[in-house]
Amino acid sequence: FAFFDSAQFINKGLLPIRDYWTSNGIMIDFIQSYLFKILGVSWSVYLLHSSLINFIFSFLTYIFFKSQGLNSSLALFYSISISILAYPSSGVPFPDHHSILLSLIGIYLLIFAIKNNKNYIWFVIPIIFFVAFLCKQVPSAFFVILISIYALTLSIRNNDYYKFIPLIISLIFSLSVFFLFLTINNIEIKSFFIQYIFFPLTIGGERSSNANFFNLILMFVK
């Protein structure tokens, strides 16, 4: 019921970070509140949210497989199999599922962009990952790091840096729209960083503070 309740808070005039503490799932809150507003508050509408994400991911997976040369029957079979394994494991809207499914869609777009070299696809990629990050910081942040390293390596190898222009423009656009949204709704940027960036970094800190990479290696050697 986590996002069921928080979506209701938003429709009553309360906003995450400004009026109540949240460390992930901001985008899920707003999507769910919008669905409740136009379709009414019910458990079916709550499940519709996750079903839509599952359908979009499965449909784009089908298109991706087709673009990689699979025939329609195999692409459909694998897409249906993925749709069964993707969101049904949770059922209800869940930040981890939103984040990883959107990140995988970002990977699809990256492959499309590399194969077709279309600027508009490069422009969309940062927006997708930014939305995934607003659903949950991990694993989207790891995807962004890996993709950034890969894109930079690819650009150096091909001596082609023009693809970074739409990426940078898209990143600036995404950040500008988001911080404008925070300003309009009187959500302090400082509070956003504290709740959404710095606080999650402390979770599990007591477990990792005593971790030692050398001791970990010795444990495997022994």
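Where is the place of Pro139? Select Pro139: its place is in helix H7. Helices here are DSSP runs of H or I with at least four residues, and strands are runs of E with at least two, numbered from the N terminus.

Before going on, note that this is a predicted model, where local features need pLDDT of at least 70, side-chain atom pairs count only at pLDDT 80 or more, and totals for chains, interfaces and linings use all residues. Residues are numbered from 1 along each chain as its sequence is written, and side-chain values use heavy atoms, with hydrogens and water left out.

A cis peptide bond joins Val138 and Pro139, with omega about 15 degrees. Most peptide bonds are trans, and most residues other than glycine have a negative phi.

**Two positive phi values**

Next, select Ile17. Ile17 is not a glycine, yet its phi is positive, about 75 degrees. Look for Ile17 in the loop between H1 and H2. Is Ile17 buried or exposed? Ile17 counts as buried because its relative accessibility is 7%. Buried means under 20% relative accessible area, exposed over 50%, and partly exposed in between (1.4 Å probe, protein chains only).

Now jump to Asn186. Its phi is also positive, near 55 degrees, in a residue other than glycine. Asn186 lies in the loop between helix H8 (164-184) and helix H9 (189-202). Asn186 counts as exposed, because its relative accessibility is 60%.

**Into helix H8**

Select Ser170, which lies in helix H8. Ser170 counts as buried, at 0% relative accessibility. Its side chain reaches the backbone oxygen of Phe123 at 2.4 Å. Leaving aside neighbours within four places in sequence, Ser170 is in contact (heavy atoms within 4.5 Å) with Phe123, Pro126 and Ile127.

**The cores**

A nonpolar core is a set of buried Ala, Val, Leu, Ile, Met, Phe, Trp, Tyr and Cys residues joined through side-chain atoms within 4.5 Å. The largest one has 33 residues; Phe36, Phe57, Leu101, Leu109, Phe112, Trp122 and Ile125 have the most contacts inside it. Helices H1, H2, H3, H5, H6 and H7 each supply at least two residues of this core. H5 gives the largest share, 8 residues.

Zoom in on Phe57. Beyond its neighbours within four places in sequence, Phe57 is in contact with Ile82, Ala86, Leu101, Leu104, Ile105 and Tyr108.

Last stop: another core lies apart, with 12 residues, among them Tyr20, Phe178, Leu182 and Phe192.

Methods:
Polar contact = N/O pair within 3.5 Å; in protein donor to acceptor, adjacent residues only side chain to side chain.
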